[in-house]
Amino acid sequence: GSEMCIRDRRFSVGAVVAVFIGGLALPVGPYVRLSLGVTGGALFAGLMFGRSARIQIPRGAAFFLKELGLGLFLAGVGMSVGKQGPIAAADLILVPGVLAVIAIPAVLAAFLLRRAQLIGPYVEGGVSGAITSTPALIVATRMDETSEPATTYAGIYLFALLTSVAVAQIIALFG
């Protein structure tokens with residue numbers, strides 16, 4: 001009864017904080033604004049509140065929310081692709097930039113994982129986070145039958161996401 005009501009309120013507070021954090025934008029020069037967006041805000045708030053263990057939701061609800069979030073993310077990406085028409089041969093010049101946006105955070109994360117001397121499932125989670133791949137995390141978690149990969153995934157994911165955004169904005173600014 002009342003415990004469930006308190007749990008629901010805590011979850012609601014976490015959701016509001018996530019939207020607020022996601023809406024904050026930090027100006028980085030006259031043309032660039034850095035923002036976590038709704039996805040990054042939710043991840044940051046989840047890390048913040050999850051670490052304090054004050055927000056707990058039933059396991060089934062957590063699974064549903066994860067799957068719903070992933071589905072909405074993929075739907076958003078799918079809807080934005082193809083607005084300009086099919087990819088032209090001239091667009092292939094973007095490939096090195098795209099590779100840099102992916103490779104730079106992955107290399108930095110690999111360096112951090114090595115410096116931290118992490119092994120096994122922690123590295124699998126860290127690599128999944130470095131390439132911001134939720135499906136890779138799911139595979140790592142199921143292979144090891146543990147939630148240990150999620151620990152490093154969560155920490156590295158936010159770092160990789162911010163680094164990817166910064167690299168992409170730098171390329172767009174100077175490219």
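Which helix does I102 lie in? Select I102 in this predicted model: the residue belongs to helix α4.

Together with I102 they make up a nonpolar patch on the surface, and the accessible area of the patch is about 490 Å².

Next, select residues 121-130, which are helix α5. Its buried residues are P121, G125, G126, S128, G129 and A130. To see what they pack against, show α4 (95-115), α6 (134-144) and α7 (148-174). Just after α5, stop at T132, where phi is positive, at about 45°.

Go back into α5 and pick S128. Is S128 buried or exposed? Its relative accessibility is 4%, so S128 counts as buried. Leaving aside residues up to four places away in sequence, S128 touches S133, A136, L137 and Y153. For L137, look at the backbone nitrogen: a polar atom of the S128 side chain lies 3.4 Å from it.

In soluble globular proteins, nonpolar side chains tend to be buried together.

Finish at L158. Which residues does L158 touch, not counting those up to four places away in sequence? Select L36, G40, L43, F44 and L47 to see them.

Methods
Residues numbered from 1 in each chain as written. Predicted model: local features only at pLDDT ≥ 70, side-chain atom pairs only at ≥ 80, totals over all residues. Heavy atoms only, no water. Buried < 20%, exposed > 50% of the residue type's maximum accessible area, 1.4 Å probe, protein only. Helix = DSSP H or I, 4+ residues; strand = E, 2+ residues; numbered from the N terminus. Contact = heavy atoms within 4.5 Å. Patch = residues over 30% accessible without salt bridge, like charges linked within 9 Å, V, L, I, M, F, W, Y side chains within 5 Å. Areas by Shrake-Rupley, 256 points an atom, 1.4 Å probe, with all protein chains shown as cover. Salt bridge = Lys/Arg side-chain N within 4 Å of Asp/Glu carboxyl O. Polar contact = N/O pair within 3.5 Å; in protein donor to acceptor, adjacent residues only side chain to side chain.
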